[in-house]
Amino acid sequence: MAPVNSDPGTPVRVRVKRKTFPAIGGRDENIVLRDVAFDVSPRSFVVLTGPSGCGKSTLLNIVAGLDKDYEGEIDLGPGSPRMTFIFQTPRLLPWRTIRENLMLSLPDGDPRQSNVDGMIERVGLTEATHAYPERTSLGMQRRAALARGFIQEPDILLMDEPFVSLDDPTAHGLRELLVDLWNSRPTTVMFVTHDRNEAVMLGTRILRLAPGSASIVADETVRLSPSDRTDRGKLQAELARIFESPDAGHS
Amino acid sequence: MLLARKFPAGATGERLLWTLASLTTLVALWAISAQLAGSRHFPGPGKVLEVIGQEAASGALWDNMSITLVRVACAFLLAMFIGTVIGILIGTYKRADQFFDSWLVLFLNLPALVIIALSYVWLGTTELTAILAVAVNKIPNVAVQMREGARQLSRDLAEMAAVYGFGPWKTLRHVTLPQLAPFAAAAARSGLALVWKIVLVVEALGGHATGVGHQIHAAFGNYDVPTILAYALAFIVVIQIVEFGILQPLQARVMRWRR
């Protein structure tokens, strides 16, 4: 198990006053996010969810520093916390093997490079260690992307629908892998998904965004223990409580 | 290469057979026409082969070919390097593209002969002049092809490289250049074909005392067609060896990650 900082640290503070996309082709300027403000406590697993177009991926890109064109402020905490992004597509370098992709994601000579082979084994890719990504399945590429994220030993882990366009069993297997990796090294997570089942299964807290309001319409704590999360009945009950209760939002 | 990928691997032998049949037919047609023409200005394959043998035996063939090949290699590498740098810059920075686009169009349309003539007038008959004149002819083509490659660079991978702290050198080597490799390969193959032809013209016009171009020019002065054809044929063979022995394997190696 990787060493974990004993200090729980300070929360990630997200304050986005306004984020717009410019007017294109006669359409009005589009306000994607307005007065989005929340804190993410250390080592919590926060899920951002909502229908497509609600701005959840945009919000994640802002937190990641990939999108700097917004009004507001993101405070990741003191020092320079290590942040990693796992994208919607694997974004592996197709001309480098799985192992090379993991090695390249770390600085040359970094001690974490010695964990690469162990991580490859952990995510079940030992056979594909020296394979080029495009010669493996999408599920395997997503495993590699997950491994590349966790090998960083990040303080903050951002994930943007990392399991979309997979068949159910493969997606399920990857979610279990994610939970397993996260349990052995808890880190602050912001996870974007439009899949409500996935949100309830993974998250400790769920923030719902709606396209109309361009803001957070519901903020719910998931009341499930780790063992509850494997129980179909309890998952369904929690899903109903969060997404279908009348006061939970207006989507 | 693109065409070859469409054939199943088993068809390689068949394809080779077709090539062989096609070349044999060409040589046969040549031999028959030469026989019918019966002119010393239209020698048959036997006569040309005989001259190749003589030139090879005297050592002239190797001397001239090697000096020409060195010029080809220098001009080729210079054009590839400068053209790639220019192409990446104008493909990456929109302002640079807008500014330099008209320059590029000008140089693309400048006749090779003009570049060659001006090079010798301004720089005199030196080895460097020959190489520069050829390179300047090729640089705009390389730049245009590399610009296309740079325009298609993946933003997704650039973001990934930024998130994982690649830095400029690592990004260039592992993210940018591999994406440009197919464009560089295309530029290299079309470049080789263009460069060796221009090198011969430069050698002929520049008054160099050596090289295949000089030999052909001298033979032309005597209406010595067998020698012209002998050098042309020998050089085509050498360039094809470079193409199949170096460029194509290199391209296959660079593309080996593809499905």
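Modeller: A residue is called buried if 20 or more other C-beta atoms lie within 10 Å of its own, exposed if 12 or fewer, and partly exposed in between, the C-beta atoms being placed from the backbone. The model is predicted: local features need pLDDT of at least 70, side-chain atom pairs count only at pLDDT 80 or more, and totals for chains, interfaces and linings use all residues. Residues are numbered from 1 along each chain as its sequence is written, while chains are lettered from A and ligands numbered from 1 in the order in which they are written.

Biologist: Is A:Asp35 buried or partly exposed?

Modeller: A:Asp35 lies in strand E2 (residues 30-40) of chain A; helices (H or I, at least four residues) and strands (E, at least two) are DSSP runs, numbered from the N terminus. Its phi is positive, near 50 degrees, although A:Asp35 is not a glycine. Most residues other than glycine have a negative phi. Because 13 other C-beta atoms lie within 10 Å of A:Asp35, this residue is partly exposed.

Biologist: Where does A:Arg43 lie?

Modeller: A:Arg43 is not a glycine, yet its phi is positive, about 60 degrees. With 17 other C-beta atoms within 10 Å, A:Arg43 is partly exposed. Its place is the loop between E2 and strand E3 (45-49) of chain A.

Biologist: How many residues of strand E6 (residues 156-160) of chain A are buried?

Modeller: In a regular strand the side chains alternate between the two faces of the sheet. On one side of E6(A), A:Ile156, A:Leu158 and A:Asp160 are buried, and on the other A:Leu157 and A:Met159 are buried. The number of buried residues in E6(A) is therefore five of five.

Biologist: Which residue stands opposite A:Ile156 in E7(A)?

Modeller: Two strands pair if DSSP finds at least two bridges between them. E6(A) pairs with strand E5 (residues 83-86) of chain A in the parallel sense over four bridges, and there A:Phe85 stands opposite A:Leu158. E6(A) also runs parallel to strand E7 (residues 188-193) of chain A, joined by five bridges. In E7(A), the residue opposite A:Ile156 is A:Thr188.

Biologist: Which helix gives the most to the side of domain 1 of chain A that touches domain 2 of chain A?

Modeller: Chain A is divided into domain 1 (12-82 + 154-245) and domain 2 (89-153), with bounds from an automatic or database domain assignment. Their C-alpha centres lie 24 Å apart. Their contact (C-beta atoms, placed from the backbone, within 7 Å) takes 13 residues from domain 1 and eleven residues from domain 2. With five residues, the helix that gives the most to the domain 1 side is H5 (residues 168-184) of chain A.

Biologist: Which helix gives the most to the side of chain B that touches chain A?

Modeller: The contact takes 14 residues from chain B and 17 residues from chain A. On the chain B side, the elements that give two or more residues are helix H8 (155-163) and helix H9 (167-205) of chain B. The most, five residues, comes from H8(B).

Biologist: How far apart are the end C-alpha atoms of helix H6 (residues 112-123) of chain B?

Modeller: The expected span of a helix is 1.5 Å times one less than its number of residues. The twelve residues of H6(B) should therefore span 16 Å. The distance between the end C-alpha atoms agrees with this, at 16 Å.

Terms used. Two residues are in contact if their C-beta atoms, placed from the backbone, lie within 7 Å.
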